[in-house]
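Please read them alongside the sequence and coordinates.

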Amino acid sequence: MAYGKHKRGAFASPEGADNPARVNLTALMDILSNIIFFLMASFGAQTLELTSAAKVELPSSTSELTLKMSVAVAVGMEELFVEEEPVGRLQGGKLVGLDAKRFHPRLEETLKRVRAQRLAKNERKKDADEVILFIADRRLKYSTIDRVMKTCARAGFTKFRFAVSKK
Amino acid sequence: MAGGGGGGEGGVEEFDLTALMDILSNIIFFLMASFGAAVVAVLPASVPTISEAGDNDTARDEDKVTVNMRLHSDGAVEISASNNDMLPEELAPLDKKIAGKAGKLDAVAVNGHLWAIKSKYEKSKNVVIVPDDEVTYELLVEAMDMSRERHMVVNGKSVYPEMFPAVVVSSLVK
């Protein structure tokens, strides 16, 4: 037999010749499938967590495109986040702390830092490092959205994926 | 005994719950994952950038146009088309103003007019949406939905042919 019926090889049973050892992969497969599902769940949960942290009510859409990893910017009615870090405040749905050119300096600085960190970590540029996952409240006015998007573009992020809830 | 071995002869049977636990834990994680995926989707968009070659997003080939949508806060939409190699008179028939319906887009009229443009210039893919400052994010997403695909029913089945999936969100220069 392949695993040494008469020899004491690496896979031979210690008791002797009549009990050939078997490699049981069931437990390994169980663990791997659990890990895969856990990673999927934690990514979905991360977005939802960020949505609730910024108290965002997402707009609904007929889009079927699924979420992909990217830099998350969340704009609620009161607070602005990059990933999970609060970087600015809003009053009455309008951004506070814009500079003379109507950009948001702290948002730009944070995004540049995140971008540099991601690029330093990866050998090659990835799509996820170039795109913003844009999580914004459906009630926000375009004047606010525009300021956030333009600041993102100034920090090097010109592509966006708008997070929406499915209809 | 209820759980006793059928074979008798002193053999003690044990319930092996490992496989059951494995299946249950997999199902839990799967449900968690599918819940997250079911709730949130994404819409791709971009903002205008300065091109080093002095080029722009406007179509050049005569078999395609770039659609421009001016979006007002009351749901009214002004649609026009542009192409750097075509005369404005050729594109003028594509211009249309569509009034809003109770603060929302007239979805049927907007989607229908965009489909007419797409049918005439089949290779077109780009739409530039220019919302007013007071337009809500929800209305912007609705406009993106209306321009992305045609909503139609063929032989009793819903089909969604692609129209203008490449969206650029822009604003007027002040």
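1. Along the sequence, chain A follows the pattern α-β-β-β-β-β-α-β-α-β, which comes to 3 helices and 7 strands. Helices (H or I, at least four residues) and strands (E, at least two) are DSSP runs, numbered from the N terminus.

2. This is a predicted model: local features need pLDDT of at least 70, side-chain atom pairs count only at pLDDT 80 or more, and totals for chains, interfaces and linings use all residues. Residues are numbered from 1 along each chain as its sequence is written, and chains are lettered from A and ligands numbered from 1 in the order in which they are written.

3. Of the 167 residues of chain A, 32% are buried (20 or more other C-beta atoms within 10 Å of the residue's own, C-beta atoms being placed from the backbone).

4. In chain B, strand 2 (residues 66-71) has 5 of its 6 residues buried, so it is largely enclosed by the rest of the structure. Strand 2 of chain B runs antiparallel to strand 3 (residues 77-82) of chain B, with 6 bridges; B:L71 has B:V77 as its bridge partner. The two strands form a hairpin with 5 residues between them, and B:G75 in the turn has a positive phi of about 95°.

5. Strand 2 of chain B also pairs with strand 5 (residues 126-131) of chain B, in the parallel sense over 5 bridges (pairing requires at least two DSSP bridges). Here B:R70 stands opposite B:V130.

6. B:L140 touches A:Y142, B:L71, B:I129, B:P131 and B:V135, not counting residues up to four places away in sequence (contact: C-beta atoms, placed from the backbone, within 7 Å).

Methods: A residue is buried if 20 or more other C-beta atoms lie within 10 Å of its own, exposed if 12 or fewer, and partly exposed in between; C-beta atoms are placed from the backbone. Two residues are in contact if their C-beta atoms, placed from the backbone, lie within 7 Å.
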